[in-house]
Amino acid sequence: MSNGEITDILVHLADESGYGIFQVKNERFTYVSSSFSRIFGYSKEELLNVGFESLIHPSWKNAVLTEMQKPGFQSCTFKALRKNGEEIFINVVTSKTRDKEDHIVTGYVNEMVYGLGFTEKEIEAIMHIFLNSIGDFVFLMNEHGRVIFANNPYGFGSLKTQTLVGKKPEDILPEKFSNRFYKALEENQKGKIAEYEVELRIEGKTRYFHVKQSPIMLNMRYRGVVLVVRDITEIRKAYKKLEKSESKYRSLFEHVPVGLYTTTPEGDIVNFNPQSSLILGYSQEELKVRKASDFYVDKAEREKWLKELLKKGSVEREFRMRRKDGRIIWLKDTSRIRKDEHGKVYIEGSLQDITELKNLEASLLENLRKMEKLFDSTVMALSSAVEVRDLYTAGHQRRVTQLAVEIAKEMGLENRIKALRIAGLLHDIGKIAIPSDILTKPTRLTEVEYMLVKHHPVTGYQILKKIEFPWPVATIVLQHHERLDGSGYPQGLKDGDILIEARIIAVADVVEAISSHRPYRPALGISVALDEIKKNRGTLYDRDVVDACIEVFKRGFEFPSS
Ligand SMILES: [Fe+2]
């Protein structure tokens, strides 16, 4: 294949490729592809008679030709003219070679730029629409700092942007702003972007703006600046609010009289307030390098708590820690699990030194225990005061109490046991006012003597009502000889008017009395006693109490010997 034939094929390919391919020899076109002639609106023949220069927009000619004179491949974007005078932007890639004395430039027009299908005027209109639809102020300024374009963003409808064109910053902005502009301009002229914030009074209110001032560099030459001015007043306000609330929180965190801490589940101390270091006696620096488990008296306790905390999400506890000075303190800790935005688990908690409270609690408990002992001894002493006067019935009140307590347990009345115990031990305290010879009289009592004996519940009541028991002890004692049918004394109460404790003591009292020795008769035994209550079940004695009493003996209850 001859060179000519190869050239023909290449020319054909170039024509069919769709690219705007061209060749220039000594400033004149020697070849243009069909696409090239379509882009510029000339026929191929017309183009072969004009120079490449005539396609470049006059204002761009010098810059473009200088660029294209450079050796090797060059890429250049510039304004060109179509045959009908329409201005278009094109990107041309060229390669400059030399054939003998001829300067040859081969290249192609980048259809990407041409292919946008917009004229310069249309692009300018689009830019206006775009710039007016964004929320920022955009100013274009030429190299002398004069406004050549200013948009009118949403929210600033009253602004007449066209009046700004041709003005310099000092004509339209406060001095503080224009000074800042010129300082940034020095950076722009070196090809650098400058960013700064300014504060302006607008309609009596302070507004804050962020300014991004970028240089317009065309063909490596500084041609002006673009200012994007964003109103950041609301962001500033929100930030200040956040700062204020953060500082409030920080102040609370620093000064609250409770130790606050954040750790990882592994025990690394992430954060703590000054009170935490005070509680543990370590300086803040010392605490930072410690592990939470270092302070535990019992390290296994931490493992147990951690397991519970991870399961429940929050735990309240009291536990012991060792201070730096070795002193062991009691702490109350309320802790909870918190996850950060990445899902990492932290433990947040509050510590209160309750050592003093714990000591106080222990001494109070000790005192209470002593008081209870004292109380019990007093009741026992009172109880025996009556019994020393009547040796035959010595131990009667104690035995009645034991049976009464068992009956109450059988009836599921555990909450009445304390009252029953005191009332049982003191139920005959009123007999203290009866002459001992009547109490121990081996023969039948006279009417008067019997009346005197029957008064003992009232005397007991009068003695005990002066004592502030947390239970109705005096009333129980008053009612312990009452009977369901109203035949009892001293008030002749019936059924529900008699306290359950009094009904229990009544049964226990009768059973103990019958089964024991009396001055006027020998002991009759348990079976006679139980027959008596069975016989009068529901008439004199409470049915449930009788049933419970029988059950207690069935289970093997025995009165202890006096
Ligand atoms: Fe009695």
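## Strands 9 and 10

Strand 9 (residues 205-218) and strand 10 (residues 221-231) pair in the antiparallel sense over 10 bridges; two strands pair if DSSP finds at least two bridges between them. Strands (E, at least two residues) and helices (H or I, at least four) are DSSP runs numbered from the N terminus. His 210 has Arg 230 of strand 10 as its bridge partner.

This is a predicted model, in which local features need pLDDT of at least 70 and side-chain atom pairs count only at pLDDT 80 or more, while totals for chains, interfaces and linings use all residues. Residues are numbered from 1 along each chain as its sequence is written.

An open sheet is formed by 5 strands in the order 7-6-10-9-8, with antiparallel pairing. Strand 7 (147-150) and strand 8 (194-202) are at the edges, each with a single partner strand, so one side of each has no neighbour in the sheet.

## The hairpin of strands 3 and 4

Strand 3 (residues 72-81) pairs with strand 4 (residues 87-99) in the antiparallel sense over 10 bridges. Ser 75 stands opposite Val 93 in strand 4. The hairpin has 5 residues between its strands, and Gly 85 takes a positive phi near 90°.

## Nonpolar core

The largest nonpolar core has 40 residues, and Ala 404, Ile 407 and Val 507 have the most contacts inside it. Such a core is a set of buried Ala, Val, Leu, Ile, Met, Phe, Trp, Tyr and Cys residues joined through C-beta atoms within 7 Å; buried requires 20 or more other C-beta atoms within 10 Å of the residue's own, with C-beta atoms placed from the backbone.

Definitions and conventions: Buried ≥ 20, exposed ≤ 12 C-beta atoms within 10 Å, placed from the backbone.
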